[in-house]
Amino acid sequence: MLVEYRKRDTYLHKSNPKVLLLGTLIVIVASILWTHPIYCGVMLGLLIILGQVAKFPWSQIKWFFKVIIIPVVFIMVIQAFSLDTSLLQTPYKDVILFYLLPGQRLGFNLGGLLYGLAASMKIYMVVLAVAILGYTVSPSDFIQMISRVRFASRQFVFIFSTAWRFIPIIQKQITHLLDAQKTRGMELDKGKLGERVRKLIPIVTPLLSNSLETGDQIALSMEARAFGAKTKSKFIKPMRYTLQDRLLFYLLLIMLALMIFAYTQGYGVL
Amino acid sequence: MGTIISLQDVSFNYEKTKRKVLKGINIDINEGEFVVITGPTGAGKTTLCETLNGVIPNFIKGDLTGTITVDGLNASKTPVYQMASRIGMVFQDPDTQLFGMTVEEDLAFGPANLGLSFEEVMQRVERSYNDLKIGDLKDRKPFELSGGQKQSVSIGGVYAMLPKIIVFDEPTSMLDPIGKERVFSIVKDINKQYGITIVLVEHEMNEIVKHADKVIVMNKGEVRLQGSVEEVFSQVETLKELGLEIPQSIELSTKLKENHYIDKVLLTPAQVIAACNGFKPKVQAPAATPAVPPTAGAGNGRGLVHDPIIEVENLRHSYLGDHDDLKGINLSINKGEFVAIIGQNGAGKTTLARHIIGLLKPNEGAIKVNGKPIAGRSVAELSREVGYVFQNPDEQIFTDSVEDELRFGPRNLEKRPEYIDSIVDEVLDDIGLSKYRQVWPKYLSKGERQRLAMGSIITMEPDVIIVDEPTTGQDWRETLWIMDLLRKLNQKGKTIIIITHNMEIVTRYCNRVLVMSQGEVILDGTPKEIFTRRDKLQEAYLRPTDITYIAQNIAYMPDDIISVDEFYQVFREMME
């Protein structure tokens with residue numbers, strides 16, 4: 001999890017998860033449709049404002065943005081050198097800033113660069129939207145939301161929630177196993193990449209067998225708490241859905257429809 | 001009150017094995033009783049519990065014969081979910097029993113499975129909060145709770161299903177003393193106040209004596225003893241033969257009875273204190289004698305010369321940066337010492353130990369091992385000098401056979417093959433696993449796996465061995481086995497550091513005790529010195545052993561008694 005849920009008294013935290021999920025969906029659809037850096041820039045700006053409203057802990061995600069900066073620059077450079085710009089509508093599609101090789105070969109195209117810039121911004125958009133969603137909606141509300149969906153069986157909901165809850169347990173087990181290896185004289189940080197990966201193999205067996213044992217124990221505990229009962233659960237927690245949430249939800253739906261329509265008319269396309 | 005659980009001639013063997021794990025068990029339990037089942041590891045206690053709610057044979061397959069009747073239902077022929085509203089079950093590991101994202105959801109899990117309406121489920125959740133006094137945990141995430149809190153929530157989840165019986169399978173074996181106290185107090189309350197029948201599997205005899213109406217002692221799949229606490233604990237020889245711990249109050253009162261000071265065996269410390277306070281000593285208490293267990297060195301107050309092997313200077317550490325988890329520790333441990341670090345969970349014991357092996361880096365301060373600073377040295381490099389045995393052996397056993405496991409460390413240290421062969425043979429003997437040389441470690445018992453984990457460190461021949469909670473979840477026989485092994489290593493010159501919650505092994509084996517509380521070492525001394533400092537122990541939420549507690553509450557006895565033999569010797573001298 002990039003950023004964990006925190007209980008806060010902000011507008012976003014108080015909103016119905018359905019509204020926030022739809023908002024995130026809009027960002028994802030926009031990232032698929034849009035190729036224009038200005039549109040992507042505006043959306044990114046909007047997400048930053050929403051992050052501020054939600055008191056988003058920027059410091060916790062800073063490392064991730066730093067890590068992906070290299071692939072992002074790489075994408076822009078590759079697009080600038082290699083994109084087939086004939087498909088673009090922008091007037092910059094034929095602007096060559098310089099050539100890498102003599103004889104006017106391998107030109108650095110401004111249109112390609114802008115396309116690459118938009119692609120990079122789309123990565124940030126999606127990551128930020130999902131991170132804000134995870135930060136403002138509690139996992140518990142997520143699961144409640146899923147359990148309301150007609151086709152989601154209780155088993156499916158349970159698998160989802162158990163997986164979510166057991167991630168930290170598995171992470172802790174991995175850390176312990178790696179620590180145990182170090183205390184047995186294994187230099188995990190030395191050697192070439194292949195060698196380092198090979199050194200991790202011994203932890204696979206205990207990790208798997210421990211996980212299987214944990215799984216067995218969970219199944220046993222569930223069984224002892226009537227999980228296999230034939231009766232259908234009627235336990236659905238009421239969720240707050242105010243008039244404001246309702247209005248916002250429909251507004252976002254209209255926005256989504258408009259965005260798709262505008263795309264078909266050429267808006268958002270470079 | 002009528003019989004609520006009845007087992008008649010019950011035998012069981014797991015699928016694909018012929019070995020009977022239960023052999024002709026006959027037990028009757030009355031409604032509202034508090035029954036404790038005890039016995040050494042492998043006695044069949046857990047298997048017996050799993051037959052009560054039908055998990056065996058419905059979920060875990062095998063051949064079950066005989067009749068098991070629980071609240072009028074045939075347990076082996078009734079679906080487990082149907083049994084669940086009559087008989088609840090709480091297991092050892094709380095992490096695998098919590099299913100909700102919040103405590104509230106977890107408590108609601110069982111009742112929701114029964115198909116109750118939202119309102120009914122919430123009523124039961126509220127009842128769990130109130131009756132078990134866990135309302136303070138309402139909005140917390142289960143995985144953020146302490147061990148004791150988690151186990152309280154899992155009991156709450158079972159309680160919310162309103163069963164008539166709750167079976168507890170070693171519910172406190174993974175908890176610290178505060179957690180244990182919390183859980184035992186809940187278990188006692190739901191039995192005494194709400195009339196729920198309790199079946200508790202437990203190793204800790206001191207707790208059994210305090211709570212049980214009836215005790216069942218099992219061994220090798222059979223019931224060896226059953227009856228009231230008095231009846232069972234009067235069979236001291238049988239209990240010793242089975243390798244079970246005898247509570248110190250019973251051990252002492254048996255000695256007093258054998259020597260005609262009292263006329264019956266007394267069960268609890270309170271009873272012994274009352275009886276002993278009735279005597280008038282003829283002479284005053286002799287001057288305190290140092291009862292320091294034998295160690296490798298010789299010299300100062302603890303029997304050692306000043307020859308530091310570990311030096312810790314102003315060690316500070318903070319996990320989250322908002323507060324110090326270690327607050328400037330200064331410490332020196334001499335070669336050949338046998339040190340116990342005690343304190344509640346979160347006191348900083350493991351954090352301190354992990355710094356000594358280099359798994360954690362200090363925010364401030366320095367550590368030296370054998371006179372050399374450890375800063376800049378890798379954990380692997382340090383492992384030549386300091387060995388670390390983790391609390392859970394399953395998190396440090398990697399290989400496919402016992403022998404390979406013992407070879408893993410010395411091979412990483414690039415020791416010569418002939419040397420590895422000889423040390424592996426030697427250690428296999430020392431840890432008593434020679435006959436399991438080629439066995440997959442998962443097939444060993446928990447005690448044997450703990451020994452293997454220790455053996456895997458011993459083959460690396462470090463000067464210092466740190467063992468994090470070596471006896472957690474072990475029966476008494478295995479506890480003594482492990483501690484005797486550590487004593488042998490200490491006598492060979494190794495410096496031993498254990499982290500433990502078991503005060504009796506501290507007084508039996510260690511010559512120095514460090515008491516930690518809130519990131520600080522608040523006491524440092526011999527067991528005798530430590531256990532007389534009642535104020536400081538209370539500050540760290542610790543209690544001395546029962547025998548020290550008894551002595552401290554008898555007006556004429558010295559405060560620093562730490563063993564039953566010592567108590568009896570002093571008592572006899574004063575009375576004759």
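**Chat about chains A and B**

User: Where does B:Pro57 lie?

Analyst: B:Pro57 lies in helix H2 of chain B, residues 55-58; helices here are DSSP runs of H or I with at least four residues, strands are E runs of at least two, and both are numbered from the N terminus. This is a predicted model, where local features need pLDDT of at least 70 and side-chain atom pairs need 80 or more, while totals for chains, interfaces and linings use all residues. Residues are numbered from 1 along each chain as written, chains are lettered from A and ligands numbered from 1 in written order, and side-chain values use heavy atoms, without hydrogens or water.

User: What kind of peptide bond joins B:Ile56 and B:Pro57?

Analyst: A cis one, with omega about 10°.

User: OK, interface. How many residues does each chain put into the contact?

Analyst: Chain B gives 64 and chain A gives 56, with contact meaning heavy atoms within 4.5 Å.

User: And how much area do they bury?

Analyst: About 5,200 Å² between them, 61% of it on carbon and sulfur atoms. That's the accessible area (1.4 Å probe) the two parts lose on being put together, summed over both.

User: How many salt bridges across it?

Analyst: Four, counting a side-chain nitrogen of Lys or Arg within 4 Å of a carboxyl oxygen of Asp or Glu. A:Arg225 forms one with B:Asp106, with the closest N and O atoms 3.4 Å apart.

User: Which element gives the most to chain B's side?

Analyst: H4(B), with nine residues. Chain B's side divides into 35 nonpolar, 16 polar and 13 charged residues. Here Ala, Val, Leu, Ile, Met, Phe, Trp, Tyr, Cys and Pro count as nonpolar, Asp, Glu, Lys and Arg as charged, and the others, Gly among them, as polar.

User: Switching topic: which residues meet between H15(B) and H17(B)?

Analyst: From H15(B) it's B:Val402, B:Glu405 and B:Leu406, and they meet B:Leu452, B:Gly455 and B:Ser456 in H17(B). By class, that contact has three nonpolar, two polar and one charged residues.

User: At what angle do the axes of H15(B) and H17(B) cross?

Analyst: Roughly 35°, and the axes come within 7 Å. Axes are lines fitted to C-alpha atoms, for helices over the stretch in contact, with angles from 0 to 180 degrees between N-to-C directions.

User: What about B:Asp425, which residue does it form a salt bridge with?

Analyst: B:Arg437, the closest N and O atoms being 2.4 Å apart. B:Asp425 is in helix H16 of chain B, and B:Arg437, twelve residues apart from it, is in the loop between H16 and H17.
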